[in-house]
Amino acid sequence: MKSLSLVMIVKNEQAVLGRCLNSVKDLVEEMIVVDTGSTDRTVEIAHSYNAKVFNYAWNHDFAAARNYALDQSSGDWNLILDADEYFISDCSAELRKFMELGNHIGRLKIINKFRDKDGEAFAQSYISRLFPKGVRYEGRIHEQVVSDLPRVKLGVEVGHDGYYEASRSDRNIPLLQMEIDAEPDNPYYHYQIAKEYNGIENYSQAYFHLKKAYTGLSKKEMYYPNTVVDYLYAMISSKQLDDGLGVIQSEAARLDDFPDFHFVCGQYYLDLILSDTAKYVHLLAQIEQSYLKCLELGETDRYDSVIGTGSFSALHNLGVYHEVTGNVQKAAAYYREAAAYPYAPSEQRLQLLGHM
């Protein structure tokens with residue numbers, strides 16, 4: 001049987017490291033924990049799980065640190081997790097079955113917890129985290145696995161909540177800017193730095209970098225669909241709405257099966273109408289059509305997607321649409337469907353409408 005090693009880099013993760021290691025301790029033969037300068041109990045906690053702990057002088061290069069950690073592993077396969085991640089359910093059988101298939105790279109489903117205007121929300125993304133010995137990383141930040149091996153999505157879910165109550169933009173933005181300085185036309189780094197600026201509500205900078213990212217895309221990138229969606233959201237947040245209709249028209253055919261694309265289109269149409277009602281009121285019906293298309297598509301595993309865009313969030317927004325346009329009964333019907341998930345904002349609207 002092939003051996004599996006957990007490989008991690010950490011710093012000051014005493015609040016979450018135990019949860020991570022506890023979720024994986026029965027799945028691996030070895031735990032490699034590389035500490036980059038902790039001043040809390042991180043190293044002590046790692047030792048308590050019988051992890052092999054190594055010290056590494058942090059040099060502001062995530063790929064270098066991860067590759068050092070991989071060099072310490074003796075496993076046939078390596079599993080990469082961050083301290084603020086953890087396995088949601090038992091996945092031992094699926095991991096072992098995948099490892100016996102041969103040399104592939106396994107993409108795990110990461111369930112990211114974050115805050116939006118309605119409170120707690122979740123998004124899912126597939127990230128390459130399980131691979132055979134010898135595979136390495138490149139990239140100072142948001143490092144990427146470098147390999148020609150085929151990549152396969154696994155039905156293995158990993159929870160991630162490190163950005164739920166905390167921002168790491170103070171660390172990430174300077175590193176990303178260094179990458180942009182070295183590669184000014186690389187759309188990936190503009191896309192990533194835009195997410196950081198959006199997280200600290202610097203919407204003008206998020207818009208600037210997403211415009212750079214979008215114009216630099218070949219449209220073959222794995223992150224291309226999400227760049228389009230984030231670009232449209234950045235237009236809304238920064239009130240730079242002029243180019244949105246052109247982007248929607250250009251991308252509609254390629255992204256027709258992506259619920260998040262149709263969801264942001266519905267929001268964009270609303271903001272555009274509110275910006276100049278006389279000029280854009282003819283787009284009113286497109287709001288409803290956008291959210292109906294979301295429901296037609298449903299939730300997706302094909303793309304990195306915000307959970308709810310193909311279900312309860314689209315139902316709720318249809319409720320809002322019909323409430324605002326005067327059809328309270330139809331609005332209440334959509335709110336009830338969303339509330340059944342359950343979705344708290346819809347429950348609140350039903351209470352205010354007296355339709356509970």
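Which elements cover the buried residues of α3?

**View 1. Helix α3 and the elements that cover it.** In this predicted model, local features need pLDDT of at least 70 and side-chain atom pairs count only at pLDDT 80 or more, whereas totals for chains, interfaces and linings use all residues. Residues are numbered from 1 along each chain as its sequence is written, and side-chain values use heavy atoms, with hydrogens and water left out. The cover over the buried residues of α3 includes the strands β1 (4-10), β2 (30-35), β4 (77-80), β7 (119-132) and β8 (136-138), together with α5 (169-182); helices (H or I, at least four residues) and strands (E, at least two) are DSSP runs, numbered from the N terminus. Helix α3 spans residues 62-71 and is mostly covered, with seven of its 10 residues buried, where buried means under 20% relative accessible area, exposed over 50% and partly exposed in between (1.4 Å probe, protein chains only). The buried residues are Phe 62, Ala 63, Ala 65, Arg 66, Asn 67, Ala 69 and Leu 70.

View 2. The structure holds 21 salt bridges, each defined as a side-chain nitrogen of Lys or Arg within 4 Å of a carboxyl oxygen of Asp or Glu. In one of them, Lys 52 pairs with Glu 30, and the closest N and O atoms are 2.7 Å apart. Lys 52 lies in strand β3 (residues 52-55) and Glu 30 in strand β2, so the pair ties together parts that are 22 residues apart in sequence. Lys 52 is partly exposed at 42% relative accessibility, whereas Glu 30 is buried at 7%.

View 3. Asp 243 forms a salt bridge with Lys 211, with 3.8 Å between the closest N and O atoms. Because Asp 243 sits in the loop between α8 (224-238) and α9 (244-251) while Lys 211 belongs to helix α7 (residues 203-216), this pair ties together parts that are 32 residues apart in sequence. Asp 243 is partly exposed at 34% relative accessibility, and Lys 211 is likewise partly exposed, with a relative accessible area of 34%. In another salt bridge, the side chains of Arg 254 and Glu 251 meet at 3.3 Å, N to O; Arg 254 is partly exposed at 42%, but Glu 251 is buried at 0%.

**View 4. Surroundings of Ser 311.** Ser 311 is found in the loop between β11 (305-306) and α13 (312-324), and this residue is buried, with a relative accessible area of 6%. Residues up to four places away in sequence are not counted, and Ser 311 then touches Leu 295, Glu 299 and Tyr 341, contact meaning heavy atoms within 4.5 Å.

**View 5. Cysteines without disulfides.** The structure holds zero disulfides, a disulfide being a pair of cysteine sulfur atoms within 2.5 Å. For Cys 91, the closest cysteine sulfur is that of Cys 20, 12 Å away and too far for a bond. The sulfur of Cys 265 is 8.6 Å from the closest cysteine sulfur, in Cys 294, which is also too far for a bond. Cys 91 is buried at 7% relative accessibility, and Cys 265 is buried at 3%.
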